[in-house]
Amino acid sequence: MTSVSLPAQAQQALSEFQQYKSWEQRSRLLLRWAEHLEPFPSEAQCETNRVLGCETKVWLTAHQCKGVWHFQASSEARLLRGLLALLLVRINGISATELAQLDVQDWFQQLGLAHQISSSRNNGLNAVIQRIQKLMQAPV
Amino acid sequence: MMLSSPWRADFPALANLAHQGLVYLDSAATAQKPQPLLDALQHYYAQGVANVHRAQHRLGNRTTQAFEQVREQVAHWLQAPVDSEIIFTRGTTEAINLLAYGLEAQIQPGDELVISALEHHANLLPWQQLALRRGARLVVLPLDASGQLDLVAAQSLIGPRTRTLAISQLSNVLGNWLPLKPLIQQAQAQGAWVVVDGAQGIVHQPPNLKQLGCDFYVFSSHKVYGPDGLGVLYGRRAALAQLQPWQFGGEMLDHTDYYRAQFRPAPLGFEAGTPPIASVLGFAATLNYLYQIDQAAWIAHEQRLHSNLLTGLQQRSGIRILGQPQAALVSFTHESVHPSDLAQLISEQGVAIRTGSHCAQPLMQHLGINGALRVSLGLYNDQQDLERFFQALDQALELLV
């Protein structure tokens with residue numbers, strides 16, 4: 001269920017991904033989205049920010065300001081950076097309450113990328129989502 | 001001429017996978033199953049199950065007899081010497097843990113436990129943890145630049161304090177055979193127990209244990225076209241007599257009162273609880289199937305495929321092959337593409353290969369890489385499978401480079 005509002009960039013992602021059906025076009029698109037990822041400071045690529053539970057290296061930082069979470073993430077793998085970009089455009093800028101209600105699985109389902117979450121521990125997206133949920137539950 | 005496999009049709013999953021557009025090149029992780037195994041499982045469950053070593057009834061006797069016959073069959077397949085036993089475990093991992101716990105009382109502070117630098121986590125962690133528990137020292141035999149075990153270095157590292165040597169027959173990452181014979185002789189000359197991890201090797205070269213002379217040999221049924229949840233621990237009787245039981249429960253004891261017990265010798269003393277009966281009986285069917293295959297033709301088929309795989313990868317620019325693979329599998333990386341990206345796009349095209357650290361993180365660190373892709377072969381694979389893989393690889397590289 002997604003009753004929460006869709007940020008503009010997320011809307012754009014959705015219409016782009018719904019346009020293409022072949023794995024090749026969708027992979028190209030994912031690689032293009034990887035380029036949209038907000039630059040991740042190299043000093044933040046440290047063990048503290050490393051998301052455990054995936055074989056590919058992934059880093060995540062989170063800040064909360066006036067009830068809105070802002071996440072930054074990066075990975076050494078390009079396709080995963082694309083997936084992270086698609087995750088961040090959906091969750092950044094929405095209120096903490098909206099974020100708590102958001103069904104991330106459903107978001108990737110809409111993009112036609114649900115298998116990227118469930119497929120394997122290698123790709124790491126699942127571990128990132130779990131880490132975000134944990135961060136939100138932790139006392140600030 | 002297209003290289004085809006005369007045994008492909010014996011594995012019903014291959015046709016079903018093809019129907020779904022999938023190509024299976026991950027047999028080093030687990031292998032598909034032949035029809036006779038499926039029939040044996042169906043037969044056992046349909047004809048009436050019974051527990052082994054317990055009941056007096058006819059069904060129990062029949063099952064126990066069939067179950068015990070499989071030990072002999074496995075021993076025969078391994079060309080095991082007479083003064084030895086076959087113990088059933090849940091897998092290679094459990095077999096090695098059994099050994100590490102069973103030998104624990106024999107290990108003193110300062111003793112040395114030797115492994116090689118290319119061991120799978122299953123043949124690293126049980127020894128690493130045993131060393132930590134007992135204040136012993138884990139000694140790692142190094143590799144040379146080409147990924148082969150450095151025998152000269154090994155000579156100086158196996159010494160009077162060496163109590164165990166645990167080593168693979170065939171590397172699950174580099175695909176090279178280890179020089180078992182000289183290592184076994186050297187370790188045994190120092191009075192050490194030698195454990196050979198045959199998980200990868202046995203599928204491509206069943207051992208002759210009479211000649212090999214190791215104290216213990218372990219493997220998993222599921223990698224050698226058998227059912228899941230079953231491993232084999234072969235041990236020389238004299239070596240097994242040194243082990244203490246590690247899991248306690250039904251049927252592994254001679255006698256107990258509330259406070260004390262006497263345990264059975266191997267094999268039953270190391271098989272607490274109900275064993276995986278169906279898997280043991282199913283594995284017998286797999287072995288019968290493998291027996292009727294012409295060994296020379298089987299090995300030649302896999303060697304030709306392996307050589308074509310290796311050549312095809314070598315022809316592509318930017319591909320770096322790990323080590324000097326001799327059989328069964330080839331692991332590789334690309335100079336400018338992350339292995340996870342490559343793996344994902346190959347998978348999108350319906351080709352199943354393995355990616356990651358292959359349960360050998362220290363080896364990856366040693367090679368200075370963050371993971372690798374691995375293509376591995378079974379006797380049912382053919383040239384068309386390789387063509388599909390190369391096509392997927394080329395398409396993926398076109399997108400990523």
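These legends accompany close-up views of a predicted model.

**View 1. The second largest pocket and the residues around its centre.** Start here with an open space of about 400 Å³. The lining of this pocket counts 22 residues, and those closest to the centre are Arg50(A) and Glu55(A) from one chain together with Ser357(B), Gln361(B) and Asn370(B) from the other. By residue type, the lining divides into 12 polar, five charged and five nonpolar residues.

**View 2. Elements of chain B that line the second largest pocket.** Three elements of chain B each supply at least two lining residues: α12 (339-348), β14 (354-356) and α13 (361-367). The largest share comes from α13(B), with three residues.

**View 3. His121(B) and its contacts.** To find His121(B), look in the loop that runs between β3 (112-116) and α5 (125-134) of chain B. Is His121(B) buried or exposed? Its relative accessible area is 19%, and since buried means under 20%, His121(B) is buried. Leaving aside residues up to four places away in sequence, His121(B) touches Pro126(B), Cys359(B), Ala360(B), Gln361(B) and Pro362(B).

**View 4. Helix α7 of chain B and its buried face.** Helix α7(B) covers residues 180-189, and its buried residues are Leu180(B), Leu183(B), Ile184(B), Gln186(B) and Ala187(B). Seen down the helix axis, these buried residues fall within an arc of 170°, so they line one face of α7(B). An α-helix has 3.6 residues a turn, so residues three or four places apart point the same way. The partners that the buried residues of α7(B) pack against are β4 (137-141), β5 (162-168) and β6 (193-197), along with α6 (151-157) and α8 (209-212), of chain B. After the helix comes Gly191(B), which has a positive phi, near 80°.

**View 5. The largest nonpolar core, seen around Phe332(B).** This core has 72 residues, and the members touching the most others are Phe108(A), Leu313(B), Phe332(B), Leu342(B), Ile346(B), Phe389(B) and Leu393(B). Helix α3 (residues 78-91) of chain A gives the largest share, 10 residues. Not counting residues up to four places away in sequence, the contacts of Phe332(B) include Leu313(B), Ile319(B), Ile321(B), Leu342(B), Val375(B), Phe389(B) and Leu393(B), and Arg320(B) is also one of them. Another core, of 69 residues, lies apart from this one and has Trp7(B), Val74(B), Phe219(B) and Ile277(B) among its members.

Technical notes:
Residues numbered from 1 in each chain as written. Chains lettered and ligands numbered in written order. Predicted model: local features only at pLDDT ≥ 70, side-chain atom pairs only at ≥ 80, totals over all residues. Heavy atoms only, no water. 1 Å grid on protein atoms, 1.4 Å probe; cavity = no way out; pocket = protein on both sides within 12 Å on 5 of 7 lines; lining within 4 Å. Points joined across faces, edges and corners; volume = space filled by probe spheres on them. Helix = DSSP H or I, 4+ residues; strand = E, 2+ residues; numbered from the N terminus. Nonpolar A, V, L, I, M, F, W, Y, C, P; charged D, E, K, R; others polar. Buried < 20%, exposed > 50% of the residue type's maximum accessible area, 1.4 Å probe, protein only. Arc of directions from axis to C-beta. Contact = heavy atoms within 4.5 Å. Core = buried A, V, L, I, M, F, W, Y, C linked by side-chain atoms within 4.5 Å.
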